[in-house]
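Trainee: I would like to learn how to read a structure feature by feature. Could we take one and go through it slowly together?

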Amino acid sequence: MDLEVVLPSEEPDLDPARPAELARLAEDLGYHAAWLPDHLIPPGAYGEVFGGVYEPLVTLAHIAALTTRIRLGTSVLIVPLREPYALAKQVATLDRLSGHRFTLGIGSGWNAPEFAEVGADFGGRGKRTDATLDLLAELFRTGRGPGGGYFEPRPAGPVPITVGGNSAVALRRAARIGAGWTSAGLSPAAFGERARELKTLRSGSEPRLTSGADDVNGG
């Protein structure tokens with residue numbers, strides 16, 4: 001069993017040095033990975049159960065410069081709230097800067113008011129998530145956009161993707177493209193049941209399974 005930690009991002013007055021300090025401590029203690037949550041406009045007051053103070057990709061780039069071994073990831077990034085090409089550039093850059101230690105944890109989101117506040121369509125979030133992930137895969141594989149534009153930096157290999165969420169859609173997405181799956185708020189029995197479903201969907205192969213916090217933005 002690998003130990004992993006979700007870094008704090010719930011307090012506006014959090015010392016900016018603290019996430020990196022905790023990541024370095026986790027690395028020294030032999031932790032496998034450190035994760036940051038994502039919300040552009042969190043659904044609850046800061047300091048409750050939702051992260052969203054520090055933007056995770058920017059913060060993880062900072063942490064990557066101050067660590068050497070621990071994996072770094074998002075748990076999870078709300079993909080349909082992000083512009084696809086900018087996200088591809090951010091992910092590829094963070095993969096390169098971190099020495100290929102970055103795991104892209106993704107979800108399609110669950111909080112309709114957050115989508116409304118940023119002018120994003122909530123009903124079509126699943127399709128936009130899949131379209132964005134397909135675009136990232138194509139850019140990373142070919143180095144060319146649909147219109148022929150050049151894309152760099154290209155990752156040396158696949159950037160691992162962890163899919164968050166408890167729904168049937170999330171499980172199917174994890175089976176299709178996920179190196180891992182992250183749940184939230186499930187009992188041990190329910191977690192085991194979902195894990196068995198995922199294994200069946202993947203024809204018996206074993207994804208990396210993580211039981212996460214209450215909010216993984218799945219859908």
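Trainee: Is Phe115 buried or exposed, and what is its relative accessible area?

Mentor: Please keep in mind from the start that this is a predicted model. A residue counts as buried when its relative accessible area is under 20%, and Phe115, with a relative accessible area of 1%, is therefore buried.

Trainee: How many aromatic pairs does the structure hold, and how are the rings of Phe115 and Phe122 arranged?

Mentor: There are 3 aromatic pairs in the structure. To name the arrangement of a pair we look at the angle between the ring planes, where over 60 degrees counts as edge-to-face. The planes of Phe115 and Phe122 stand at 80°, with the ring centres 5.2 Å apart, so this pair is edge-to-face. Phe122 itself counts as partly exposed, because its relative accessibility is 25%.

Trainee: What kind of pair do Phe140 and Phe151 form, and where in the chain do they lie?

Mentor: Their ring centres are 5.9 Å apart and their planes meet at 40°, so the pair is tilted. Phe140 belongs to helix α5 (residues 125-142), while Phe151 lies in the loop between α5 and β6 (161-164), so that the pair links distant parts of the chain, 11 residues apart. Both Phe140 and Phe151 are buried.

Trainee: Which charged residue sits over the ring of Phe151?

Mentor: That is Lys89, whose charged end sits over the ring of Phe151 at 5.0 Å from its centre. There is another case to look up, in which Arg144 lies over the face of Tyr150, 3.9 Å from the ring centre.

Trainee: Now to helices: what describes the way two of them pack?

Mentor: Two packed helices are described by the angle between their axes together with the distance between those axes. Here helix α2 (residues 56-64) and helix α3 (residues 84-97) pack at an angle of about 15°, and their axes are 10 Å apart. That angle makes α2 roughly parallel to α3, and the crossing of the two is left-handed. On the α2 side Leu57, Leu60 and Ala61 take part, and they meet Leu87, Gln90 and Leu94 in α3.

Trainee: At what angle do the axes of α1 and α2 cross, and is that crossing left-handed or right-handed?

Mentor: The axes of helix α1 (residues 18-28) and α2 cross at roughly 50° and come within 9 Å. That makes α1 oblique to α2, and α1 passes α2 in a right-handed crossing. The contact is made by Pro19, Ala20 and Ala23 of α1 with Thr59, His62 and Ile63 of α2.

Trainee: What should I expect of the backbone, in phi and in the peptide bonds?

Mentor: Most residues other than glycine have a negative phi, and most peptide bonds are trans. With that in mind, look at His100, which has a positive phi near 65° although it is a residue other than glycine. His100 is found in the loop between α3 and β5, and it counts as partly exposed because its relative accessibility is 39%.

Trainee: Which residues does a cis peptide bond join, with omega about 0°?

Mentor: Those are Glu152 and Pro153, and Pro153 lies in the loop between α5 and β6. The peptide bond from Ser75 to Val76 is cis as well, with omega near -10°, and Val76 lies in the loop between β3 (71-74) and β4 (77-78).

Technical notes:
Residues are numbered from 1 along each chain as its sequence is written. This is a predicted model: local features need pLDDT of at least 70, side-chain atom pairs count only at pLDDT 80 or more; totals for chains, interfaces and linings use all residues. Side-chain values use heavy atoms; hydrogens and water are left out. Rings of Phe, Tyr and Trp (its six-membered ring) pair if their centres lie within 6.5 Å; planes under 30 degrees apart count as stacked, over 60 as edge-to-face and the rest as tilted. Buried means under 20% relative accessible area, exposed over 50%, partly exposed in between (1.4 Å probe, protein chains only). Helices (H or I, at least four residues) and strands (E, at least two) are DSSP runs, numbered from the N terminus. A charge sits over a ring if NZ of Lys or CZ of Arg is within 6 Å of the ring centre and within 35 degrees of the ring normal. Axes are lines fitted to C-alpha atoms, for helices over the stretch in contact, and angles run from 0 to 180 degrees between N-to-C directions. Angles under 35 degrees count as roughly parallel, over 145 as roughly antiparallel, 65 to 115 as roughly perpendicular and the rest as oblique. A crossing is left-handed if the near helix is turned anticlockwise from the far one by less than a right angle, and right-handed if clockwise. Contact means heavy atoms within 4.5 Å.
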